[in-house]
Amino acid sequence: TVPSGKGGKYVIYTGGTITGTNVSQLEFTQLSIFVNGSVDLAGRAYWDFRDNEALTASPYRNTVLDLSAGDYVQVYFRAGTADSSSPNVLHGSGSRRDTFFGAYRIGT
């Protein structure tokens with residue numbers, strides 16, 4: 001959430017690793033950045049593997065957004081598999097980070 005008095009342009013960056021539960025079953029991945037509950041189309045990454053299914057994908061996205069005080073940002077991952085199994089969003093362990101999200105204000 002953008003703090004009071006801190007509106008302006010923000011760099012938003014995010015990514016993650018999604019894996020299918022079986023070898024080469026991942027058909028697509030989608031990462032979307034939402035602002036105030038609505039998708040920002042510039043903040044969407046969609047990868048389609050239906051012609052050559054994958055085991056793992058790491059969608060990522062960065063964008064610059066004009067945000068006002070009180071605006072909030074959310075990130076959602078979505079994926080589909082050829083065998084209808086549930087894909088996994090990896091979170092890492094120890095010093096390994098498979099998902100990340102951050103933002104910083106640019107300018108004054």
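## Legends: strands and salt bridges

**View 1. The whole protein chain.** The protein chain has zero helices and eight strands; both are DSSP runs numbered from the N terminus, helices being H or I with at least four residues and strands E with at least two. The model is predicted, so local features need pLDDT of at least 70 and side-chain atom pairs pLDDT 80 or more, while totals for chains, interfaces and linings use all residues. Residues are numbered from 1 along each chain as its sequence is written, and side-chain values use heavy atoms, without hydrogens and water. Of the 108 residues in the protein chain, 34% are buried (buried is under 20% relative accessible area, exposed over 50%, partly exposed in between, with a 1.4 Å probe and protein chains only).

**View 2. The salt bridge between Lys9 and Asp66.** A salt bridge is a side-chain nitrogen of Lys or Arg within 4 Å of a carboxyl oxygen of Asp or Glu. In this pair the closest N and O atoms are 3.2 Å apart. Lys9 belongs to strand E1 (residues 8-19) and Asp66 to strand E5 (residues 60-67), so the pair ties together parts 57 residues apart in sequence. Lys9 is partly exposed, at 42% relative accessible area, whereas Asp66 is exposed, at 58%.

**View 3. The salt bridge between Asp48 and Arg50.** Here the closest N and O atoms lie 2.8 Å apart. Asp48 is partly exposed, with 44% relative accessibility. Arg50 is also partly exposed, with a relative accessible area of 43%. By the rule used, the count of salt bridges is two.
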